[in-house]
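Please have the sequence and the coordinates to hand while reading.

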Amino acid sequence: ATGYELEVTANRWARLRLQASYGLPETEVVDFYPMSRAHFAEHLPTWTNALNTTTNETHRADLQNTLSSAQNTLDQAVEGAPQNNSVDYTASFFAHYTLPETVMKGLSFGAGASFTGKRYLGMFNGDEYYGNSFYTLNALLAYQTRIGETNVRFALNVDNLLDEDEPILTSYHWGFTDTNGVQVPENYYFLQPRTFRLSARFTF
């Protein structure tokens with residue numbers, strides 16, 4: 001796997017700090033499962049014969065599912081294909097501003113966004129399948145002061161500010177298709193819901 005990553009921090013103005021990053025991963029299957037491929041090819045005729053001759057329907061179904069699953073695993077690791085779960089890109093941006101002392105000494109706030117491109121989820125019948133891209137917004141409110149001889153910073157972080165709850169697709173089922181012959185989505189996960197975190201830091 002190779003790729004490019006860029007990070008920039010700008011402190012051009014006294015009270016404003018800008019941060020941005022961009023990642024462009026490049027992944028490629030080189031030689032996955034060489035011994036497994038050889039083993040599968042060597043014993044496939046024996047397994048196929050057992051599949052065709054068994055009279056136990058339960059055993060037949062189990063063996064068929066096992067062989068199909070193994071074949072799918074090898075098919076997903078074709079040399080030159082992207083690695084499963086690799087994303088198109090990642091990017092983020094955050095701005096943090098500290099108010100002038102004449103307005104509110106020690107008060108600052110910030111906001112930003114993070115982006116994740118579509119995720120490669122496999123190849124079925126020669127077609128590449130991807131998950132959905134998504135983004136989240138985050139915010140920060142902070143107050144820095146002194147209590148006696150101690151520097152104190154209070155911060156309220158809000159993650160997933162818009163409470164994005166779209167399911168994030170992570171895989172397609174190798175054995176099931178819809179009426180149009182398209183693989184059926186199988187697994188998802190949800191982003192952590194809007195979260196508030198209050199913290200305090202004391203510097204002695």
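By about how many helical turns are arginine 60 and glutamate 57 separated in helix α2? The two are 3 residues apart in that helix, and thus lie about one helical turn from each other; helices (H or I, at least four residues) and strands (E, at least two) are DSSP runs, numbered from the N terminus.

The model is a predicted one, in which local features need pLDDT of at least 70 and side-chain atom pairs count only at pLDDT 80 or more, while totals for chains, interfaces and linings use all residues. Residues are numbered from 1 along each chain as its sequence is written, and side-chain values use heavy atoms, with hydrogens and water left out.

The structure holds 3 salt bridges, each defined as a side-chain nitrogen of Lys or Arg within 4 Å of a carboxyl oxygen of Asp or Glu.

| Salt bridge | N to O distance |
|---|---|
| Arginine 60 and glutamate 57 | 3.5 Å |
| Arginine 146 and glutamate 149 | 3.5 Å |
| Arginine 197 and aspartate 159 | 3.0 Å |

Arginine 197 lies in strand β11 and aspartate 159 in strand β8 (residues 150-159), so this pair ties together parts that are 38 residues apart in sequence. Arginine 197 is partly exposed, at 42% relative accessible area, and glutamate 149 is exposed, at 66%, where buried means under 20%, exposed over 50% and partly exposed in between (1.4 Å probe, protein chains only).

Strand β11 (residues 195-203) also contains phenylalanine 202, which is partly exposed with a relative accessible area of 46%.
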